[in-house]
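Please open the model in your viewer and keep the selection panel at hand. The tour begins with a pair of side chains and then moves on to strand pairing.

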Amino acid sequence: EPTLTLTAGSPILTYKGNTTPVTSQITANTTSTITWSDDNSYATVTNGLVSVKNPAVAGMGQKITVTANTQYGQSKTVQVTLNVEDTLAISGDSVLNVIAGTPSSTGAFTISGGSSNTVTASTDVTGLSVQIVDGKLKASSSSAMQGSTVTVTVTSAAGQTASTTVTVNVFNQLVFNSAHLLPVR
């Protein structure tokens, strides 16, 4: 048989406790039967397909060493990179008070876990405009409304999601008419 060569597949990106397998394909150049094995308790290798399920240890840049043994005695190893995100979570302000016609923002949300996270905001309240700007919820409305719910969701590169809700209250601007003020004595 020709000299065995292995080509590692793409890195695996998953998250801690993910029960859905994530895979990477290793290719071999030989036609003889290959027996595959690996050194990772979360991984299995079948016909060069590395599958990772339910990892318990978060960490980026971990390595899975895969060994291929041909039926004629050749043996080669290759490493596949395993990136495991920690559990994703989001927290922050739970109430945002806004003056009608003037946008207002929460403090920045605290996000832990995940990788390359994106944050979005959504509401089904007509007339309430919401968006995420620099990690903060920005809301505005031209009319008063109380107790509107906004959902802020963070999504990681591996597909984890975490959400929190913010109650938005929009108040009318207070206006004073100086003609009705009493003079100070």
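Select D86 and K16 and display their side chains, which meet in a salt bridge at 4.0 Å, N to O; the term denotes a side-chain nitrogen of Lys or Arg within 4 Å of a carboxyl oxygen of Asp or Glu. By this rule the count comes to one salt bridge. This is a predicted model, in which local features need pLDDT of at least 70 and side-chain atom pairs count only at pLDDT 80 or more, while totals for chains, interfaces and linings use all residues. Residues are numbered from 1 along each chain as its sequence is written, and side-chain values use heavy atoms, with hydrogens and water left out.

The two partners belong to distant parts of the chain, 70 residues apart: D86 lies in the loop between β9 (75–85) and β10 (89–91), and K16 in the loop between β2 (12–15) and β3 (22–25). Strands here are DSSP runs (E, at least two residues), numbered from the N terminus. Colouring by accessibility shows D86 as partly exposed, with a relative accessible area of 37%, and K16 as partly exposed at 36%; partly exposed is the range between buried (under 20%) and exposed (over 50%), with a 1.4 Å probe and protein chains only.

Next select β7 (residues 49–52), which pairs with β3 in the antiparallel sense over four bridges, where pairing requires that DSSP find at least two bridges between two strands.

Finally, go to the hairpin of β6 and β7, with two residues between the strands, where N47 takes a positive phi near 50°.
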